[in-house]
Amino acid sequence: MFSIKKIILFSDTGIDDAIALIYALKNPDIDVMAVVSGFGNTDRNKSYRNATYLLNLSGHGEIPVIAGSTRPLSGQEPEFFPDIHGVEGLGPLSPPVPEERYRNKTNFSKLFQLIKSNPGEITIVNVGRCTSLAIAWLLSPEIMNLVKETYIMGGAFLVPGNVTEVAEANFYGDAVAADIVCRLSPNLTVIPLNVTRKALLTPAQVDFIDSKAKTPLDQLIKPLLDFYYEAYQQLEPGIEGTPQHDLSAVMAAACIDGLFTYDKRDIRVQHEESYANGLSIADFRPGSINCFGTGCSRIAVEIDEDIFLTNMLDILTR
């Protein structure tokens, strides 16, 4: 019997995170229980503010926003990406700064309260750096083991990275945390660049979504993705659209029939100070087979682009 997915979204609220959150809020099969906002595409305070802004604009200001991590577990200063996500993290938008200036950040313990109150029912979807999620595991593995399942947007298996030649941004941004999460999270699904690079949204499709926009939240989609498209044209001239990395992970958590094909492998993330920092590692040698058990992770290896497009357009134009 199908049940609505109770999701806690871990994000670093930039443009693709925003689209993922809008999709989750509009999807009747998803109940967003909280958003944990940390550093990544932008700094933690802006990420927190952006998530709060989107929730308030959607009419769901009651959903708690939990302040996440400010820097990676290595203690190094994080690198932000204003050229891709804009100075404020939401492309051309400048969300208002709340009057309380972040004094009322929901305490991190709220995360554990939500999980304890819904044992075996919470799905975690992590679409930013893995730092906040790793900290949760280190602080209270007993409570985190009450999580039903975890989905991560991260990694690049047998394809180039998007920050270095071998590393994807979320894993590179805190490789130590990514490795901790991949080792400790049971029932883990990883949605890597292998498939998210194919989850494209073209300008014409964005215009179609905008033609159906009825709410202030809907009306943000086009300016966000137009900015994102121009940024991607600088990165990859001629690309047909913008890859919806984070949206792909939320759609995976929604368990849409036929959207992804998965292999099951043990995953490790390289986190030594080396050229390969952030490299996602799994055994895809000829003859390798699926592993088994709750500690064995699913890796998305193929995406049905037609199913992706049909579902995405259906939800975003509601």
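Reader: How many helices and strands does the protein have?

Author: In this predicted model, the protein has 13 helices and twelve strands.

Reader: Why is the radius of gyration of the protein said to agree with a compact globule?

Author: A compact globule of 318 residues would have a radius of gyration near 20 Å, and the protein has 18 Å, so the value agrees. The C-alpha atoms fill a box of roughly 50 × 45 × 45 Å along the principal axes.

Reader: What makes a residue of the protein count as buried, and what share of the residues is buried?

Author: A residue is buried if its relative accessible area is under 20%. Of the 318 residues, 56% are buried.

Reader: Which residues of strand β6 are buried, and which way do they point?

Author: In strand β6 (residues 188–191), L188 and V190 point one way, while T189 and I191 point the other way. All four are buried, so each has a relative accessible area under 20%. In a regular strand the side chains alternate between the two faces of the sheet.

Reader: How do you know that β6 pairs with strand β5 and with strand β12?

Author: Two strands pair if at least two bridges are found between them. Strand β5 (residues 149–153) is joined to β6 by four bridges, and β6 has two bridges to strand β12 (residues 297–303); therefore both cases meet the definition. β5 and β6 run parallel, and the pairing of β6 with β12 is also in the parallel sense.

Terms used:
Residues are numbered from 1 along each chain as its sequence is written. This is a predicted model: local features need pLDDT of at least 70, side-chain atom pairs count only at pLDDT 80 or more; totals for chains, interfaces and linings use all residues. Side-chain values use heavy atoms; hydrogens and water are left out. The radius of gyration is taken over C-alpha atoms; the globule rule is 2.2 Å times the number of residues to the power 0.38. Buried means under 20% relative accessible area, exposed over 50%, partly exposed in between (1.4 Å probe, protein chains only).
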